[in-house]
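Colleague: Hi! Could you walk me through this protein?

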Amino acid sequence: MTNTQTADTRCLDADIEGAVNFRDLGGYHTQDGRVVRSGRVYRCGMMHHISPAGLALLRDHLGIRTVVDLRNALELEGDGLSPFADYGIDWRNLPIGGDTVMTPEERRDRFQSLASGEIDWSQSYIQMAGRAPGAFRAFFELAADPAQVPLVFHCTGGRDRTGVAAALLLSSLGVDDDTIAQDYALTGEWLQPHVDRFGRQMEALHMTRESWARLLETSAGAMLRFLAWLREEHVSAEAYLREAGVSAVTVEAAREHLLESPGR
């Protein structure tokens, strides 16, 4: 199994049977010259398709201690949960979304509008940050705790909720906006081979495979607009997290064990 840190090989889907958009957040440089450590924090999409061999690899090769699941109760009910406990992996549910009641027709119209580009994805991310600061606080606190890592966090596609969580973490560590946006944009590429895994969602929303494939596309611009809003409204990712209840001690702890000097 390889785990090099270039844009082309960052995704580990080929190594972990059943994985979707599974990527190491390590290897990115910060603006003060440090590097995000590899093998500490991973992002991915749905994990309920990962095979027993894949789960064993997470435990034995990557040393995963904690899975942070950002899916809501309806998604857990519809798609299920992998038997992480059987592999000695701690599962934490920090649901984001699902708090706005919509009819099936409203949900279908919204997703079709997103797929057609009529709605700016950044607006969804702004709403997410406004509605779920507690979940993002708890996620950051887990990532900042050396006893909880290596850690993997995910939602269904590893695109939106996972993308915002990754952006907040990387930005608070000092990674620049363009790099964060490019990391987000990689998701669309790595989700395309897995379109058929979203069959339940496509059926529920009466969407075609082609429409869903368009829905999974990502643009760096959407994340850049979210990050611009974050700075305008909260000054920085760190300030947002501090407002959400993350202590200065926790922020420093995250930087201490998730960053390293080049060449180390």
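Predicted model: local features only at pLDDT ≥ 70, side-chain atom pairs only at ≥ 80, totals over all residues.

Colleague: How many helices and strands does the protein have?

Modeller: There are twelve helices and seven strands. These are DSSP runs numbered from the N terminus: helices are H or I with at least four residues, strands E with at least two.

Colleague: Which residues of helix H11 are buried?

Modeller: In H11 (residues 237-244), they are Ala237, Tyr240, Leu241 and Ala244. Buried means under 20% relative accessible area, with a 1.4 Å probe and protein chains only.

Colleague: Why do they line one face of the helix?

Modeller: Seen down the axis of H11, the buried residues fall within an arc of 95°, so they line one face. The arc is taken from the directions from the helix axis to the C-beta atoms. In general, an α-helix has 3.6 residues a turn, so residues three or four places apart point the same way.

Colleague: What do the buried residues of H11 pack against?

Modeller: Helices H4 (121-131), H5 (133-143), H6 (161-173) and H10 (220-234); a contact means heavy atoms within 4.5 Å.

Colleague: New topic: what order do the strands of the open sheet have?

Modeller: The five strands run S1-S3-S6-S4-S5, with mixed pairing; two strands pair if DSSP finds at least two bridges between them. S1 (23-24) and S5 (90-93) stand at the edges, each with a single partner strand, so one side of each has no neighbour in the sheet.

How values were computed
Residues numbered from 1 in each chain as written. Heavy atoms only, no water. Buried < 20%, exposed > 50% of the residue type's maximum accessible area, 1.4 Å probe, protein only.
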